[in-house]
Amino acid sequence: MNLDSLLLLFFAGGALLGGVLMLIARHPMRVALALICSMLSLAGIYAMLGVHVIAVFQVLIYVGAVMVFMVYVIMLLDVRDPSFLRRYSHALVPGVVSGVLLVAVLGYAVLQAGGAVAPAAEPGTSYLIQPFSVEFLQTYWLHFELTSVLLVAAVVAAIAVIKGGRRNDG
Amino acid sequence: MNLLTVIVVLPLLGFLLNGLVGARIGKSFVSAVGCGLPILAFLAAARSLLLLQAGGGEQPLIEVAYTWATIGDRTFDIAFYFDRLSAVMALIVTGVGSLIHIYSTGYMQDDASYARYFAYLNLFLFFMLLLVLGRSLLVCFVGWEGVGLASYLLIGFWFEDPAKAAAGKKAFVTNRIGDAGFLLGMFLLYHTLGTFEMDRINAAFMGPVLPAVSASLVGILLFIGATGKSAQIPLHVWLPDAMAGPTPVSALIHAATMVTAGVYLVARLNGIYQHAPEASHVIAVVGVMTAFFAATIAIVQTDIKKVLAYSTISQLGFMFVALGVGAYGVAVFHLYTHAFFKACLFLGAGSVIHAMSGEQDIRRMGGLAKRIPITFVTFAVATAAIAGIPPLAGFFSKDEILWFAFASESGGSTLLWAVASFTALMTAFYMFRLLWLTFLTPSRMSHATEHHVHESPLSMTGVLIVLAVLSAIGGFFSIPHFLEPLLPMPVAHHELEHFEKPLVVFSVVLGLAGLAAAILVYGKGLARGDALAARFPRLHRLLSGKYFVDELYQAMLGRPLNWISDRIFLGVGDRFLIDGSLHGMVALAQRTAGRLSRVETGSLQFYVALAVAGAIGCLAWMWRHG
Amino acid sequence: MDRTQLLLGVSIALFTLGLVGVMIRRNALVMLMCMELMLNGVILSLVTFSQQTATLSGAVLVFLIFVVAAAEIGIAIPIVLLLSRQRRTLDVEAYASLKG
């Protein structure tokens, strides 16, 4: 039980704790903060695995952009509506039951498979920024370009939604 | 030469022409076609008879017109068979038929549906000829059903009146009940003998080895069919109601031809009946009971046509008595003479009704003898014939029947003779009653009617004269002798032979006694008759109500069947079971849909839950099965 | 239980927690955040496998998931905003127009 394993367990526990708190917290702001915690723990896990690129992007994009946006919106809206008083929907029991079943089934599959994935002989790929980027843009440049198209589409769609919404409202 | 087919097809042609185009072309065309074709058929029948006699008279003419069906290795043909019996029947049908057609041109002159009438009349002739000329029971049955159909169409000719239409329906339904027996008999014969052809059936029964079927059973089944068609008890109820049709129709169908189909059937299949003493006995008993029963009712009837209707039933009973004691030829003889005098009587009644502008109640007639003399004379001749006054035709045939009823070794008995003789007495009585009340008593007519009384046109009176002459002299041609090679005369008890002459005298006495009684009671009018009726009120009511047979049938059969149809078949079967199951299925579908649609809650999260459940199921299943 | 199994177990748990969260929470924004949690679970398992087999494609896919998640949240939140303006509430029980 060395430091690595302990840290790994610590971050894993953090992620799980964040997830559970998300389900339990009443105020959406607290839910958002729990999610940020969870994401930061995950970034820690990625860093421990040596996948630095992903860890950085997790913090930058996911926490820095997505969750901040989320927090802004929560601050903007009036969250003291019926969903504040009664957190859980009518599908509470079926939801929990199916969640438990899903975990059971998937966990069983994972346990059966065991460590079926053959570990690599040695880390042939570096997940540091420069080698990763070079290799990324050499082999997967098309996917990269397509994602920029997707982002443009998303921007256009966002404008259209807002504009249309404005017209409906005004 | 397909002479027999020609005989049969000519009236069919008449039906098609008159039915399809007759109404458009005009009355003269319809009359020409409607009367001309039956006359041609009569000539063809006469020619066939000459051909038959030229060949010695024993060898029948057989023509196969068409192969109807071939099933496996069995063929069913439409074939025609002409022997002496067929000759007699065909000549009566076409001869008397043609005369009635000619009469109808006068009687139905003012009717709107002139063409339809002649079309149906020709159709009837076609089917009747199929019946009498057919070789196999199948063809005979087609004709049997067909004359029933034509009878229904013609009885209900003025169908706008619902009562008349109902009478037609009653005739058809009652016939059908008899036909069930006929069919069963047919099937039994086919099952045992493998053939429907009547000459072969007769040969099989007369042959050395009797077929393995109860002749009495077959005989009774076929007789049930004859009961329906020939209006014997208990299926006689349709004939009096059938008087709702035009009078020439009553003359043709319900006096001369259709109702005699039953007699023809039994006479034709005499081979079976000669070996079926029980069936023959049943026939004789039913015949004499019907004769007696109908005669008692005829005594109190007040409608001129109803008297004649019951008289027909009674005379048919006589024919069946003759058949029952084995005197087949004598029955056909009586059929032949009856055709003449009954047709004459009915047509005479039609002439009277025509003269009286539609009045049919004899209580409102009287004194017509001087005003419509030709009708009176012909009617009187025919009445005398039916009463059995010598030397008119009816005397010969009725006398032979009474003799064989008394003396035949195959079923004759004193009791049978006694009842038949009493019925003959009643026949004379009610017929002369009719004659006196209609023609000879002082007039009881209403003033308006009396003013319009006129003799009928030549087309009607001419036919009456011809038929009266035939009723007078027709008896001199001895049909039993003519048919003897085919229909052997029964053997009379040897020791009773010396009764023959006295019985003849006795039957003449009966006829005259009937005449005397009629003059005594009704000679001056209704007064004495009514007084007599007042002295026996209950008997009078029973007879006037026709023994309440119709009411009995209605109560016993009509109402229960109606109740069953209404409550059980309609109420339970149709509404509850069929409609109910359909409604039930609809309701089931609706309720199921209603319950299943509760899945559509509109709540997205619920849908997600369902999707996850499905996914879990899939995963679990995948992992269990490899 | 070795490292791989542990990480995969955590991944499954995060995914299921996110799924359950989508099903049971009533606030629309919280639902969106639970969906983000689901995505994170998946990313974890992708990273684990990628690092294990030392191939690049897993990480690339993760990178692409980041982009898609950003684009998606950029659209989803305006939609939720507009909807909430219409119905005056964030409660998803009010959005049951599909009923029946």
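Helices here are DSSP runs of at least four residues, numbered from the N terminus. The model in every view is predicted.

**View 1. Chain A is built from helices, with zero strands.**
Its secondary structure comes to seven helices. From the N terminus on, the order is α-α-α-α-α-α-α. Chain A has 170 residues, and 26% of them count as buried. Now take the contacts in chain A between residues at least 6 apart in sequence: 55% of these join residues at least 24 apart.

**View 2. Chain C meets chain A.**
Chain C puts 63 residues into this contact, and chain A puts in 72. H3(C) gives the most, with 21 residues. By class, the chain C side has 41 nonpolar, 14 polar and eight charged residues.

**View 3. Helices H15 and H17 of chain B cross.**
Two packed helices are described by the angle and the distance between their axes. H15(B) covers residues 328-355, and H17(B) covers residues 393-407. Their axes come within 9 Å and cross at roughly 150 degrees. Angles over 145 degrees count as roughly antiparallel, so H15(B) is roughly antiparallel to H17(B). The crossing is left-handed.

**View 4. Residues join H15(B) to H17(B).**
From H15(B) come Val330(B), Phe333(B), His334(B), Thr337(B), Phe340(B) and Phe341(B). H17(B) answers with Ala393(B), Gly394(B), Ser397(B), Lys398(B), Glu400(B), Ile401(B) and Phe404(B). Sorted by class, this contact has seven nonpolar, four polar and two charged residues.

Methods: Residues numbered from 1 in each chain as written. Chains lettered and ligands numbered in written order. Predicted model: local features only at pLDDT ≥ 70, side-chain atom pairs only at ≥ 80, totals over all residues. Contact = placed C-beta atoms within 7 Å. Helix = DSSP H or I, 4+ residues; strand = E, 2+ residues; numbered from the N terminus. Nonpolar A, V, L, I, M, F, W, Y, C, P; charged D, E, K, R; others polar. Axes fitted to C-alpha atoms, helices over the stretch in contact; angles between N-to-C directions. Parallel < 35°, antiparallel > 145°, perpendicular 65-115°, else oblique. Left-handed = near helix turned anticlockwise from the far one by under 90°. Buried ≥ 20, exposed ≤ 12 C-beta atoms within 10 Å, placed from the backbone.
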